[in-house]
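I opened the model to look up how its chains are built and how they meet. My notes follow in the order in which I checked things.

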Amino acid sequence: MTETPARGFDPQLLFTTRFGGHGGRLGIVHHAHGDDWAELALPYKPDMIGDPASGVLASGPILTLMDMATAVGVWLKLGAFRAHATLDLRIDYLRPARPGQAVIGRGECYRITRSIAFVRGQAHDGDPADPVANVAGTFMATEGYW
Amino acid sequence: MSIPPYAELLGLSVEPGEPAPTLVMPFAADVVGRPGFLHGGAIGGLLEMAAVAALRQALEAEGGGRVKPINLTVDYMRGGRDKETRARGTVTRLGKRVANVDAIAWQDEPDRPIARAHLNYLIVR
């Protein structure tokens, strides 16, 4: 993957120095990024299964992955970290992720206003042309994005 | 009622109820996002587990069936603070092939939710 250096915001640093919490517990790591998008990887782990009969991941981990990938997309487009909170997130489950496969989530920020960032993204488990999920959402900057 | 591995990861416990159980998630390091607050993904995961639990209970009454998620929309209304979070689903319509489910998550009072979700499920009977 091509790595484009961000102006003033390095998502790789985010995932090495100050990373814990729910995303850290799920093992989510940086995969790739560009000027207004980030790809994060969610490794397959049995403790994230939602349906024991099939071994398919619960959708909570995929929601977490996409929430984080789109948030990082906002900071990349902005070129800086700003405190913000998810206002809403919609996820369409296009098909179940294959058991045993890592899921790659790509989040993109396509518009930022002073208060609101608009994001969209897709998740796949190996083939970007055959996604497992599609998301759309908004974030709100608690102190404003600028 | 048995819970899936991801519900255990979230630390959920189940309080049985009619027509739907209440799921309880303790505040713990594993569900934190920004310092001092719950991760939106963990709140969404909790809402989804509550929705599925409500739907399964409603389906059991009709002879059971498998459920497949179609989509989920979450509105985040308040930050999730350092305290217990509860969530409960409401099946607004249980059809032959599709179910519409709402779920809310709250910390203090159910009428002051921290997040709400709307979920659609495909049902295979």
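Helices (H or I, at least four residues) and strands (E, at least two) are DSSP runs, numbered from the N terminus. I noted that this is a predicted model, in which local features need pLDDT of at least 70 and side-chain atom pairs count only at pLDDT 80 or more, while totals for chains, interfaces and linings use all residues. Residues are numbered from 1 along each chain as its sequence is written, and chains are lettered from A and ligands numbered from 1 in the order in which they are written.

**Chain A**

I counted three helices and eight strands in chain A, and along the sequence they follow the pattern α-α-β-β-β-β-α-β-β-β-β. The radius of gyration of chain A is 15 Å, close to the 15 Å that the globule rule gives for 146 residues, so chain A is as compact as a globular protein of that length; the radius is taken over C-alpha atoms, and the rule is 2.2 Å times the number of residues to the power 0.38. Along the principal axes, the C-alpha atoms of chain A fill a box of roughly 50 × 30 × 25 Å. For burial I used the count of other C-beta atoms within 10 Å of a residue's own, with C-beta atoms placed from the backbone: 20 or more is buried, 12 or fewer is exposed, and in between is partly exposed. By that count, 47% of the 146 residues of chain A are buried.

**Chain B**

Chain B has two helices and six strands, which run α-β-β-α-β-β-β-β from the N terminus on. Its radius of gyration is 14 Å, which agrees with the value near 14 Å that a compact globule of 125 residues would have. The C-alpha trace of chain B spans about 45 × 25 × 25 Å along its principal axes, and 42% of its 125 residues are buried.

I then traced the strands across both chains and found 12 of them in an open sheet, in the order 1(A)-2(A)-6(A)-7(A)-8(A)-5(A)-3(B)-6(B)-5(B)-4(B)-2(B)-1(B), with antiparallel pairing. The edge strands, each pairing on one side only, are strand 1 (29-33) of chain A and strand 1 (13-15) of chain B.

Where do the chains join in this sheet? Strand 5 of chain A and strand 3 (residues 66-76) of chain B pair in the antiparallel sense over five bridges, and there I91(A) stands opposite L72(B). Within chain B, strand 4 (residues 85-94) and strand 5 (residues 98-106) pair in the antiparallel sense over eight bridges, and G89(B) has A103(B) in strand 5 as its bridge partner.

**Where the chains touch**

The contact between the chains takes 28 residues from chain A and 25 residues from chain B. On the side of chain A that touches chain B, strand 5 of chain A gives the most, with nine residues.

**The core**

A nonpolar core is a set of buried Ala, Val, Leu, Ile, Met, Phe, Trp, Tyr and Cys residues joined through C-beta atoms within 7 Å. The largest one has 76 residues, and those with the most contacts inside it are L65(A), L46(B), L47(B), A50(B) and A51(B). Helix 3 (residues 59-78) of chain A gives the most to this core, with 12 residues.

**One loop residue**

Is R97(B) buried or exposed? R97(B) is exposed, with 10 other C-beta atoms within 10 Å, and it lies in the loop between strand 4 and strand 5 of chain B. Leaving aside its neighbours within four places in sequence, R97(B) is in contact with L122(B) and I123(B). From C-alpha to C-alpha, R97(B) and M49(B) are 20 Å apart in space, and they are 48 residues apart in sequence.

Note on methods: Two residues are in contact if their C-beta atoms, placed from the backbone, lie within 7 Å. Two strands pair if DSSP finds at least two bridges between them.
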